[in-house]
Amino acid sequence: MKKLISFITVIVLTLLVLASGTKLYSKTTTLTFWTFQELHKQFMDDAVANWNKRNPNNQIKLETEVYPYDEMHNKLLISLQSGTGAPDLCDIEISKFANYLKGKNPSLIPLNNIINPVKSKLIIGRFDNYAKDGNYYGIDYHVGATVMYYNKEFLDKANVDPDKIITWKDYVEAGKKVVAATGKPMTTIEVSEHWTYYPMLIQAGSDIFDKKGNVILDNKKNTEVLQFLKDMIYKDKIAIAAPGGFHHAEEYWNFMNKGGAASLMMPLWYMGRFVSYMPDLKGKIIVRPLPVWEKGGNRSCGMGGTGTVVTIQSKNKDMAVKLLDFAKLSKDGAIKTWTVLGFDPIRWDVWDAPEMKAVNKFTDYFGKGIFSMLLSIKNEIPGTMITDKYPAAIDLLKKNVCFNVLSAQSQTPEEALKQAANELRKK
Amino acid sequence: MLKIVNEIKKELNIKKKKEIFNSVKIIPYIFVSPFIIAFLLFYLYPVISTINMSFQEILGPGDVKYIQFKNYINLFNHDFYDALIFNSWYTFWTLAVLIPLPVFLAVLLNSKLTIGKNFFRSSFFIPALTSVVVAGIFFRMFFGGMETTIPNTILKFFKIKPIVWTFKYHTAMMVLVIIATWRWLGVNIVYFLAGLQNISNDLYEAATIDGANFFQKFIYITLPGLKPVIIYVLTISIYAGYAMFAESYILYPNARTPGNIGLTSVLYLYQQGFDHNNLGFASAIGVTLLLIIFIINTIQLRFFGLFKKAGD
């Protein structure tokens with residue numbers, strides 16, 4: 001009996017030593033990550049699983065919290081403001097990002113040391129969105145190239161060839177044919193958000209702010225673009241205000257799914273919404289570059305985005321930065337943004353990789369060749385200028401400019417833009 | 001000998017401790033201390049801190065400076081003005097609906113002639129227990145712009161074009177008042193029912209003997225009897241009207257109020273504080289709102305004579 005006990009003790013002790021030994025050898029770092037997008041959690045979980053496979057001695061455990069959009073941004077703002085409770089890694093949506101860069105010393109870690117080595121392979125305009133004083137603070141998931149989604153069925157019915165729609169003028173003419181042949185509107189325009197007006201003015205070569213950060217919202221080009229949108233609804237009668245007001249309303253998805261309109265301009269990341277919320281359109285939608293304003297103009301622009309950041313409250317800053325580098329800036333990571341999320345990767349050097357042509361749920365829905373199309377417009381994707389006033393500017397576009405001009409018709413384009421621009425200048 | 005002394009000392013100590021817990025002077029403070037501590041920590045401290053913050057520009061942790069009255073001067077803008085006007089109308093309409101209607105229903109529910117009283121009481125009260133978020137999403141869909149929503153189907157029957165209810169000032173106001181009515185009707189009925197229980201039956205009997213009819217009894221007995229409750233409901237309704245946030249926030253996702261339709265003061269505070277990271281300015285909005293509600297309610301209470309002493 002005594003022998004047995006001592007035998008067991010020896011075994012238990014050896015096991016303990018072994019266990020603690022391996023523990024000493026492979027350390028596990030626990031990182032926390034907040035996001036407002038369930039899909040982003042899947043992406044990061046996938047990245048962590050790959051990291052752990054490659055680094056058996058340096059394991060990461062990622063604790064992810066998915067909060068509603070507003071709640072997450074508020075929570076982060078309060079925890080950074082109060083100096084406690086922030087996560088290691090966090091997603092910040094582009095229109096909120098400037099809020100976190102206010103003041104002399106932002107509560108985020110500059111990421112230049114991981115961005116600089118691969119800078120030449122990145123669509124760098126996407127990084128300027130999250131930069132201040134030469135420091136890059138966030139890494140995006142995608143380029144957000146804005147494209148036109150056409151419903152092939154309607155175009156065929158109206159005898160319209162989408163590849164012959166070169167300019168916006170052609171688009172309006174094609175729209176008239178579609179309306180005559182099908183009775184459906186050619187497109188829908190957002191009136192309570194900015195995803196129609198904003199990309200179009202960027203594509204036209206204008207912006208809300210100039211390179212120095214001065215407000216140029218009320219310039220001639222922006223007024224013309226807004227007038228053009230208004231004319232599409234009320235003069236040419238080829239467009240309608242999006243049901244529900246914007247392209248992310250539940251009503252809108254239902255409307256489109258039933259074949260509500262013949263085309264839709266949204267960034268490439270909207271593909272996920274088609275696949276998830278408009279299943280009946282599968283196989284009917286084709287993706288094409290935007291019509292241009294004048295020959296030789298840009299056929300797209302980079303829109304929206306979410307920057308992942310590392311906060312200064314992180315206790316494992318190095319690991320968090322390394323994971324971010326691995327997940328988003330590495331070649332494999334960039335490819336995953338397409339295969340997992342259906343986004344256009346921020347590294348253009350992977351756009352012609354064989355993985356991008358492989359079959360997945362997005363090629364099933366939209367057909368192949370999305371990235372050959374993207375490669376052809378690679379140099380025609382202008383970014384946007386972002387300043388401290390950006391959240392206020394986007395707010396004004398959403399709430400006042402687009403709504404008052406396109407829906408309520410209480411102001412002319414000049415009036416609405418002038419008022420908004422003056423308000424921004426005062427801030 | 002020493003042992004005995006020690007034991008006596010011990011006993012005295014225990015007695016002392018017991019005395020503290022039995023003392024009439026101390027024990028009330030122990031009982032109310034949880035409330036006092038919670039009040040100091042979660043009400044008074046934030047209020048003082050908000051007043052302090054309303055004079056600051058807050059850029060980030062440790063990046064704060066005092067800017068005197070600049071936040072208050074910035075309040076003179078058309079957004080805040082729109083929000084206050086919207087709030088005032090909203091408060092007016094909720095008062096116009098949420099006092100007479102529950103009084104009427106409470107009288108019906110209190111009457112001996114009504115059948116199924118308990119059923120109606122609980123069904124009126126259930127909305128108060130429902131999550132406003134869930135209800136808000138329902139109302140957002142219900143009053144959507146599609147032809148197939150119920151209100152638009154009814155309009156179609158009368159050959160009227162479908163309306164985007166939440167995108168027009170007056171219809172949006174109507175939708176918000178409907179949500180408020182749906183949500184608070186039951187609560188107000190409960191207040192008034194409690195008030196009705198306090199009115200002595202003798203008064204009604206005496207009135208019946210004198211030959212008063214139902215309406216005379218209602219006007220000369222029920223309404224005066226309900227006066228304290230009506231004043232109470234009026235006061236909290238004015239506060240609730242100006243502090244309204246959740247309904248608007250849910251009806252317009254992510255605080256996106258097109259053309260300031262549906263923008264309330266607290267929603268504006270939220271937009272400025274969190275969407276624009278302007279916590280100093282948001283604090284100034286909060287303090288101003290506090291003052292406005294305080295002034296309106298003081299006038300109202302004075303008008304209804306609540307501050308007068310009995311017998312005046």
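In this predicted model, strand S7 of chain A pairs in the antiparallel sense with strand S10 (residues 263-267) of chain A, and five bridges link the two strands.

**Strand S7 of chain A**

- Because six of the six residues of S7(A), which spans residues 146-151, are buried, the strand is largely enclosed by the rest of the structure.

**Where chain A meets chain B**

- On the side of chain A, 32 residues are in contact with 19 residues of chain B.
- Helix H3 (69-82), helix H11 (250-257) and helix H17 (390-408) of chain A are the elements that each give two or more residues to this side, and the largest share, 10 residues, comes from H17(A).
- Sorted by class, the side of chain A that touches chain B holds nine nonpolar, 15 polar and eight charged residues.

**Asp275 of chain B**

- Asp275(B) is found in helix H13 of chain B, which covers residues 265-275.
- Asp275(B) counts as buried because 23 C-beta neighbours lie inside 10 Å, where the cut-off for a buried residue is 20 or more.
- When neighbours within four places in sequence are left aside, Asp275(B) is in contact with Pro391(A), Asp395(A) and Ala255(B).
- Asp275(B) and Asn254(B) are 21 residues apart in sequence, and their C-alpha atoms are 9.3 Å apart in space.

**The nonpolar cores**

- The largest nonpolar core has 135 residues, of which Ile189(A), Tyr197(A), Ala393(A) and Leu406(A) touch the most other members.
- H17(A) gives the most to this core, with 11 residues.
- Domain 1 (27-142 + 304-368) and domain 2 (146-303 + 381-426) of chain A both give residues to this core, so the core lies between them.
- Not counting residues up to four places away in sequence, Ile189(A) touches several residues, including Leu229(A), Met232(A), Ile233(A) and Leu406(A).
- A second, separate core of 38 residues includes Ala83(B), Phe139(B), Ile238(B) and Tyr268(B).

Technical notes. Residues are numbered from 1 along each chain as its sequence is written. Chains are lettered from A and ligands numbered from 1 in the order in which they are written. This is a predicted model: local features need pLDDT of at least 70, side-chain atom pairs count only at pLDDT 80 or more; totals for chains, interfaces and linings use all residues. A residue is buried if 20 or more other C-beta atoms lie within 10 Å of its own, exposed if 12 or fewer, and partly exposed in between; C-beta atoms are placed from the backbone. Helices (H or I, at least four residues) and strands (E, at least two) are DSSP runs, numbered from the N terminus. Two strands pair if DSSP finds at least two bridges between them. Two residues are in contact if their C-beta atoms, placed from the backbone, lie within 7 Å. Ala, Val, Leu, Ile, Met, Phe, Trp, Tyr, Cys and Pro count as nonpolar, Asp, Glu, Lys and Arg as charged, and the others, Gly among them, as polar. A nonpolar core is a set of buried Ala, Val, Leu, Ile, Met, Phe, Trp, Tyr and Cys residues joined through C-beta atoms within 7 Å. Domain bounds come from an automatic or database domain assignment.
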